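Hi,

Here is the structure I said I would pass on.

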Amino acid sequence: MKTTRMLGSAATVAAAALALSGCAGFTGGGNDTTEGTLTFTTWSSESEQAAFEQLVDEFEAQNDGVTVELNVVPYDQMFTNIDAQLSAGSAPDVFRVDYGNLGVYSSQDQLLDMSPYVSDEEIAQFTPAMWEAISYNGTPYGVPHQTDVSALLVNTQLLADAGITDLPTTQADAWTWDEFAEAAATLKASLPADTYPFVYNWQLGGTPRWLSWLFQADGRLLEEDGVTPAIDSAAGTEALDFTRSFFENGWVPPTSSVKGATYADAFFTEESVAMAFVGSFVVPDIENLAGFEWTALPMPVDERGATDLGGNALVATSGTDQPELAAEFLKFMVEADNMSAFCAATNELPTRVDIDPSSIDFAVRPDVMPVFVEQAATIQPSDVEQLTSRYLAPIAVSMQDQLEAAFVNGQSTADTLANLTSAIRQATGS
């Protein structure tokens, strides 16, 4: 679910922030590694690329005779390329994958089983939810490198002009759905006709982020068995009715639906919306591009708080001819010092229990990052199970079609939920 753009001038900031020290915690990275070359393919923002480059340099410095060839590609080409390379037997040794797509590869024996390379003590260094995210049928296929979640960014001047000054800052005082709708209606009445109250970040591969609303309503996409559809429910109806109202009430730009071609943060930095749901990983880009004062608020709550499971794992392909070296590289990347430095440089969040996110010296806008840190705590294990399901990718294709029909073409809530149920049954074989 993570999509990044090469924007801004964050590379300089990242390079300054990424001061790598010793290799504490997750073991690996010694000087006794045999010589060899690893290929590592990823997409990245500018700050992420700078961070990856420094980590690669550090790994090479610690392992004489080892070379890591870093290949950065656009996100929209990443998995098309990986799929073709896997079919042709020419896949990279290591690649980056978002948690939502990981199950597609791990369920087809395309990734290196990390079980022989990690101990129970090392596994315990990760949050259980994130270790679950990289596992399939109890087997780990990679390492959870980082995570990021969405929160609500607001243009403080536009909200103040509309008389909205009492802004929530924590989960305890987050807006309810009704309060959020009231704020949107107030903004609608205050803003110029070509400026909208908010935009949601479900465009360009982000369709599964709609599930945050379903989870906030305490609903489910799949039953606990992981295959039976659960979306056609009272919670599903509530979530779909509410999100349909975004378009019916003119609260969001008409071109910002799930098949829109513009990212949510672009609407925000161009000041065509007053508020935007975005992930923490775009904070550096927004700070660089926004010519106005802004801050972050928690996402609205209904029955409970929820957000999306952003972020990515690092995996090795099962066909690598250097599995030990690939596994050592993966373990090096998630050592505590290295993970902390990467997250500080990129405004992302750690996946280890021994790293306190509040202690990270984030490179850009550290004042807003506590909102994202607290928002991450709203993710429940059941959310993770559904968001990392191996069926999510095909379900998301149908979800995009059905949500577009509901938001833009007037398809009823009942028909949309029924169609989604059929699509889930087809994907899971249930």
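Predicted model: local features only at pLDDT ≥ 70, side-chain atom pairs only at ≥ 80, totals over all residues.

I started with the second largest pocket, which holds about 420 Å³ of space. Its lining is made up of 22 residues. If you want to centre your view there, go to Glu 132, Glu 385, Thr 388, Ser 389 and Arg 390, which lie nearest the centre of the pocket. By class, the lining has nine polar, seven charged and six nonpolar residues.

Which elements supply at least two residues each to that lining? They are helix H4 (99-106), helix H6 (128-133), strand E4 (135-136) and helix H16 (381-387). H4 gives the largest share, with three residues.

Six of its eight residues are buried, so H4 is largely enclosed by the rest of the structure. The buried ones are Tyr 99, Gly 100, Leu 102, Gly 103, Tyr 105 and Ser 106.

Two of those names come back when you turn to Val 97, a residue of strand E3 (94-98): Val 97 touches both Leu 102 and Tyr 105. Leaving out residues up to four places away in sequence, Val 97 also touches Trp 43, Phe 79, Asn 312, Ala 313 and Val 315. Is Val 97 buried or exposed? Its relative accessible area is 0%, and buried means under 20%, so Val 97 counts as buried. One distance you can check on screen: Val 97 and His 145 are 48 residues apart along the chain, and their C-alpha atoms are separated by 9.8 Å.

**Phe 268**

Phe 268 sits in helix H11 (264-269). This residue is buried too, again with a relative accessible area of 0%. What does Phe 268 touch, not counting residues up to four places away in sequence? The list runs to Leu 153, Val 154, Asn 155, Val 273, Ala 274, Met 275, Ala 276, Ile 286, Phe 292 and Trp 294.

**H8 against H10**

Next, a helix pair. The axes of helix H8 (177-190) and helix H10 come within 12 Å and cross at roughly 10°. Angles under 35 degrees count as roughly parallel, so that is how H8 runs to H10. On the H8 side, Trp 177, Phe 180 and Ala 181 make the contact, and they meet Glu 238, Ala 239 and Phe 242 in H10. By class, this contact has five nonpolar residues, one charged and no polar ones.

**Two positive phi values**

Last, a pair of loop residues for you to inspect. Leu 204 is in the loop between strand E8 (196-199) and helix H9 (211-216), and its phi is near 50°, a positive value in a residue other than glycine. With a relative accessible area of 32%, Leu 204 is partly exposed.

Asp 218 lies in the loop between H9 and helix H10 (234-248). Its phi is positive as well, near 65°, and this residue is not a glycine either. Asp 218 is exposed, with a relative accessible area of 53%.

That's the lot from me.

Cheers

How values were computed
Residues numbered from 1 in each chain as written. Heavy atoms only, no water. 1 Å grid on protein atoms, 1.4 Å probe; cavity = no way out; pocket = protein on both sides within 12 Å on 5 of 7 lines; lining within 4 Å. Points joined across faces, edges and corners; volume = space filled by probe spheres on them. Helix = DSSP H or I, 4+ residues; strand = E, 2+ residues; numbered from the N terminus. Nonpolar A, V, L, I, M, F, W, Y, C, P; charged D, E, K, R; others polar. Buried < 20%, exposed > 50% of the residue type's maximum accessible area, 1.4 Å probe, protein only. Axes fitted to C-alpha atoms, helices over the stretch in contact; angles between N-to-C directions. Parallel < 35°, antiparallel > 145°, perpendicular 65-115°, else oblique. Contact = heavy atoms within 4.5 Å.
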